[in-house]
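User: I'm new to this one and would like a close look at a single part. Could you walk me through the disulfides, please?
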Amino acid sequence: IFKMSHSYIWPTFLTQTFILGVLSTDPLNVLLIVSDDLRSSLEVSSPNLDQLASKSAVFLNAFAQQAVCGPSRISFLTSRRPDTTRLYDFNSYWRVHAGNYTTLPQYFKSNGYTTMSVGKVFHPGIASNFSDDYPYSWSVPTYHPPSFAYEKRKVCKGQDGKLHANLLCAVNVSEMPLGTLPDMESTAEAQRLLRTVKDGQSPFFLAVGYHKPHVPFRIPQEFLKLYPLENMSLAPDPDVPKGLPSVAYNPWTDIRKREDMQALNISFPYGPIPKDFQLRIRQHYFAAVSYMDSELGKLLSTLDDLDLAKNTMVVFTSDHGWSLGEHGEWAKYSNFDVATQVPLIIYVPGVTSAVEKPGKKTFPFWDVFQHPHMRFSEGRAVRNVVELVDLFPTVSELAGLKPPPPCPHSSFAVQLCTEGSSRALSIQVLKEGIDVEAIAYSQYPRPSDAPQADSDLPSLADIRIMGYSVRSHSYRFTVWVTFDPVNFTANLTDIHAGELYLLKDDPGQDHNIYNSIMHGTALVKLGSRLPWGTALRQHLLYFTAGSKPNGTP
């Protein structure tokens with residue numbers, strides 16, 4: 001999606017405008033757009049997203065804190081890590097389960113903003129108190145598209161002419177229940193809300209959550225034409241790496257449940273999926289991204305039509321990535337980059353790009369069918385490693401609000417604080433070079449060492465192992481340790497398995513060198529940077545000395 005390869009120097013007046021504090025005296029509106037399961041590395045037709053990126057700061061190394069919808073969304077909307085929200089599944093509400101934490105939209109609401117939610121922003125259900133955290137976070141009840149009720153029903157026409165609940169579900173929209181699709185409804189509602197608040201007395205914070213490219217791939221069938229099957233290719237590393245610990249593997253059970261997948265009779269847990277079907281999955285995912293891009297373009301164009309682009313910050317991201325056959329894996333549910341890395345784009349009018357002259361549009365709509373290969377100038381690329389928990393303080397500061405203070409070591413009783421860092425300075429001032437010390441933390445729970453039916457989505461009570469992962473500019477390092485779900489504690493001296501990938505020589509993370517003694521010096525260096533306690537660092541020191549602590553496998 002992102003084709004940036006280098007940064008450009010900002011005009012001096014733009015930097016001066018920001019530093020002089022214009023944003024703090026004239027509050028910006030905020031349009032937060034969250035795509036579902038959108039990976040960051042993808043060569044796809046997305047002219048509207050590319051146009052947004054060309055006028056924005058683009059964080060090329062942004063990472064989610066857990067690669068599954070509910071925990072990730074709660075994490076970045078509260079700016080707390082999963083170990084602080086104590087949400088690793090979908091079955092608890094953080095305000096009563098962990099702490100009464102202030103959310104990003106709630107913070108804006110408390111500062112005089114009208115806050116509104118459309119589509120999937122919080123994960124619906126118990127994780128957001130069956131109300132999307134209304135009225136805490138939102139000024140008005142949230143909107144969910146009515147047609148989403150049919151998302152998992154038998155509405156996909158199969159080769160037998162009958163309707164099925166399939167993974168691959170390109171449809172004639174006119175034949176769908178209600179004659180529409182969820183993301184189309186969300187765009188229409190977001191456009192309506194923008195019209196209602198255009199001349200409001202208070203600034204607005206509008207969050208729009210698009211459902212695609214989340215499975216099933218129920219999308220308008222015409223988008224498949226953009227990706228002829230004969231032009232599709234497999235993942236560059238479609239096999240399960242020999243050195244991958246079994247606990248690290250996700251057996252993609254959610255897509256196995258679809259009728260078209262069940263018909264393939266694929267062996268559990270490693271498959272593989274037949275190559276021709278792999279190509280079709282990739283084709284449908286690509287098409288789903290282009291469909292989402294089309295809806296995004298309509299929304300941004302409306303922002304222009306209402307003359308709001310000049311005073312509205314636009315933030316685009318995803319809750320996590322999605323594997324498309326890399327390492328023999330599909331979906332999310334892992335600590336690999338393809339599952340944890342996310343797009344993060346922030347447009348600030350007059351800062352990331354100059355405000356357009358009257359009569360000239362900032363975000364004209366681009367029809368992906370007429371302009372499938374549209375190219376734009378490069379945006380302001382930020383290469384330092386950042387995290388989604390950074391979003392809350394960053395957006396707050398860019399909007400002119402005081403960012404939340406850093407959380408203390410134990411913050412369960414603290415309502416407003418952040419476990420991230422504001423990246424506003426990365427947007428306002430060009431800084432050459434890369435901070436090689438910057439790191440992002442991700443984690444994923446497992447019920448057992450070997451893949452089983454609930455490995456992808458274990459309930460809290462069944463979690464026995466937690467995989468803690470550190471991602472820097474040069475490596476990804478993961479340890480899988482014993483976890484107690486009753487006390488929410490990890491035993492860092494009981495390491496079940498480890499992973500270490502040196503990205504310069506292994507960008508696809510296919511060669512795990514954790515058990516290689518020759519890289520002991522690297523492990524010692526990594527150990528000094530890890531935040532998870534003295535025990536882990538001691539283990540690494542034992543390991544690099546050629547021996548292991550008692551009881552370590």
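To start with, which residue forms a disulfide with C407, and how far apart are their sulfur atoms?

Analyst: Before we zoom in, a word on what you're looking at: this is a predicted model, where local features need pLDDT of at least 70 and side-chain atom pairs count only at pLDDT 80 or more, while totals for chains, interfaces and linings use all residues. Residues are numbered from 1 along each chain as its sequence is written, and side-chain values use heavy atoms, with hydrogens and water left out.

Now to your pair. The partner of C407 is C417, and their sulfur atoms sit 2.0 Å apart. A disulfide here is a pair of cysteine sulfur atoms within 2.5 Å. Looking at the S-S bond itself, the angle about it is 90 degrees, making the link of C407 and C417 right-handed. Both cysteines lie in the loop between α13 (391-398) and α14 (424-428), so the bond ties together parts that are 10 residues apart in sequence. Those element names come from DSSP runs, numbered from the N terminus: helices are H or I runs of at least four residues, and strands are E runs of at least two.

How about the surroundings? C407 has a relative accessibility of 17%, so it counts as buried; buried means under 20% relative accessible area, exposed means over 50%, and partly exposed is in between, using a 1.4 Å probe and protein chains only. C417 is buried too, at 2%.

C156 counts as buried because its relative accessibility is 2%, and C169 is buried with a relative accessible area of 1%.

Putting the two bonds together, count the bonded cysteines along the chain and you get the pattern 1-2, 3-4. And one more cysteine for your notes: C69 is buried as well, with 2% relative accessibility.
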